[in-house]
Amino acid sequence: MNAVRLKFIELFQSEPLLVHAPGRINLIGEHTDYNEGFVMPAAIHMGVQFAFAVSQNNVSQIYSLKYNQLFNLELTNPAKVESPAWANYFLGIVNRLNAIGAPLQNFTCVFDGDLPTGAGLSSSAAMECGFVVGLNELLHLGLSRLEMVHMAQWAEHQYAGVKCGIMDQFSSMMGKKDHAFLLDCRTLAYEYLPLHLGDYELLLCDTNVKHSLATSAYNTRRSECQHGVEVLQKSFPEVTALRDATVLMLQTCQQQVPATVFNRCLFVVEENARVTEAALDLKKGDLHAFGKKMFTAHEGLSKQYEVSCPELDYLVELAIHAPGILGARMIGGGFGGCTLNMIHRNAVETFITTTATAYHARFGKTMNHYRVKPGAGATVVMNG
Ligand code: ADP
Ligand code: MG
C-alpha cells in the first residue's frame with residue numbers, strides 16, 4: 001500500500017484516500033453458481049490497492065504501477081478501449097455511474113496489486129470493486145455495497161466480456177476477516193461462516209496451466225445442466241434449476257438422459273448438498289470433516305463433471321498422501337489454475353518443496369504457490 005501512496009504523492013502532490021480490495025477463493029461449491037445453488041467463497045488478504053484524490057485540473061488520470069502506464073479517462077465518454085486492457089474495468093464502472101446519474105467529478109488514481117493475475121483469484125473483481133468503493137467514498141456517492149457489486153459484475157460482463165456469476169464481485173465487496181460465507185446464488189442471501197483455521201492454513205498450488213479448454217467446456221457444461229433440468233421438469237415441474245433437484249429425482253429420470261448428462265447433473269446436485277453440509281462443519285469447527293469434502297468434491301469434478309486435468313489431479317493425489325493435509329481440490333472453472341489445500345502449518349514448507357519438485361519432474365512445469373488468509377472485503381484503509 002505504501003508504494004501506491006508514495007507514487008500518488010510523487011505524481012499528484014497530495015495525500016490520497018487509500019482503498020484495498022481483495023481477491024477471493026471458493027472453499028467449496030464449484031459449478032453450482034449457474035445452477036442457482038450455493039457457493040462458499042472467502043475474500044483473501046491479497047488484492048489490489050488504490051490511492052485516490054479529487055483532480056486539481058479538469059482531467060481524470062489513472063496510473064498503473066504494475067505496468068507504469070498513465071491513462072486519461074474522460075468521464076463523459078467511458079467507451080471501451082483497445083489498450084490498456086486494465087482501463088476497461090474502470091471504464092465499465094464509470095459507464096454505470098453515468099447511467100444512474102451519479103454526480104461525478106474528475107479524479108486522480110494510482111493502483112497496484114499483489115494478486116497474481118489470471119490465476120483464478122479474481123484480480124479483475126478486485127479492480128472493479130476497489131475502484132467503485134474508492135469513487136463512492138471520494139465523491140460521496142452514497143451507493144450501497146450491493147449496488148456496487150452489481151456495477152462491478154456489469155463491468156466484467158460488458159467491458160471485459162466475461163459472463164461471470166455474482167460470486168467474485170460479491171466476495172471482493174462483502175468479505176470479512178477470518179470468515180467465509182455461504183452464498184445462495186439464486187437469492188443472494190448470505191451468511192458469514194467462521195473460518196477458525198487454528199494450526200491449519202490455506203495453500204494454493206498453481207499448475208501454471210492456462211485454461212485453453214475452459215470457455216467451450218464451460219458452455220457445454222451449462223447446456224448439459226440445462227438439458228437435465230428440461231428432462232427433470234417433465235416429471236417434477238417444481239425444478240427450474242438443478243438446485244431444486246434431488247438425487248432421487250435424478251435417478252427417476254436416469255433412463256431419459258445420456259449417461260454424460262446424468263453424471264453432470266448428479267455432480268451438481270451432490271456438490272450443492274456438500275456446500276450446506278460443509279457450512280455445518282465450519283460452524284462446528286470440524287476441519288477434518290470439511291477437508292474430506294474437499295477431496296470428495298475434487299473426485300466429482302474430475303470423474304463426474306470432467307473439468308480437471310492431469311496436472312490438477314496429480315497435485316491433489318500428492319496431497320492425499322502427504323502428511324498434515326485435511327483436504328485438497330481444484331478450484332475455479334477447471335482445466336488448469338490452482339488447487340486449494342487445507343494444510344497444517346508445520347507441514348507447509350515440506351509439502352511445497354516436495355510437491356514443486358515432483359510436479360516439475362512429471363510435467364516439466366513450475367508450480368507456484370500462495371499461502372492465503374481469509375481477509376476483509378473492499379475497504380477504505382486511510383482517508384487522506
Ligand atoms: P483473474 O481475475 O482470474 O485474476 P482476469 O483475466 O479476469 O484474471 O483479470 C486479469 C486482468 O486484470 C489483467 O490482465 C489486468 O488487465 C487486470 N489486472 C489485475 N490486477 C492488475 C494490476 N495490479 N495492475 C494492472 N492490471 C491488473
Ligand atoms: Mg477475472
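How many residue pairs are in polar contact across the interface of domain 1 and domain 2? The rule finds 15, with both residues of each pair at pLDDT 80 or more. A polar contact here is a pair of N or O atoms within 3.5 Å; within protein, one must be able to donate a hydrogen and the other to accept it, and residues adjacent in sequence count only if both atoms are side-chain atoms.

## About the model

This is a predicted model, in which local features need pLDDT of at least 70 and side-chain atom pairs count only at pLDDT 80 or more, while totals for chains, interfaces and linings use all residues. Residues are numbered from 1 along each chain as its sequence is written, chains are lettered from A and ligands numbered from 1 in the order in which they are written, and side-chain values use heavy atoms, leaving out hydrogens and water.

## Overall shape

Let's start with the whole chain. Its 384 residues would give a compact globule a radius of gyration near 21 Å, and the chain's 22 Å agrees with that (the radius is taken over C-alpha atoms, and the globule rule is 2.2 Å times the number of residues to the power 0.38). Along the principal axes, the C-alpha trace spans about 70 × 50 × 40 Å.

The secondary structure comprises 11 helices and 13 strands, taken as DSSP runs numbered from the N terminus (helices: H or I, at least four residues; strands: E, at least two).

Domain 1 covers 2–194 + 375–382 and domain 2 covers 200–372, with bounds from an automatic or database domain assignment. Their centres, taken over C-alpha atoms, are 27 Å apart.

## Local details worth a look

The structure holds 19 salt bridges. One of them joins Asp168 and Arg24 at 2.7 Å, N to O. Asp168 sits in helix α5 (residues 167–174) and Arg24 in strand β1, 144 residues apart.

Do look at the backbone too. A cis peptide bond joins Ser83 and Pro84, with omega about 0 degrees, and Pro84 is in the loop between β5 (69–73) and α2 (87–99). Gln13, in the loop between α1 (2–12) and β1, has a positive phi near 50 degrees.

Technical notes
Salt bridge = Lys/Arg side-chain N within 4 Å of Asp/Glu carboxyl O.
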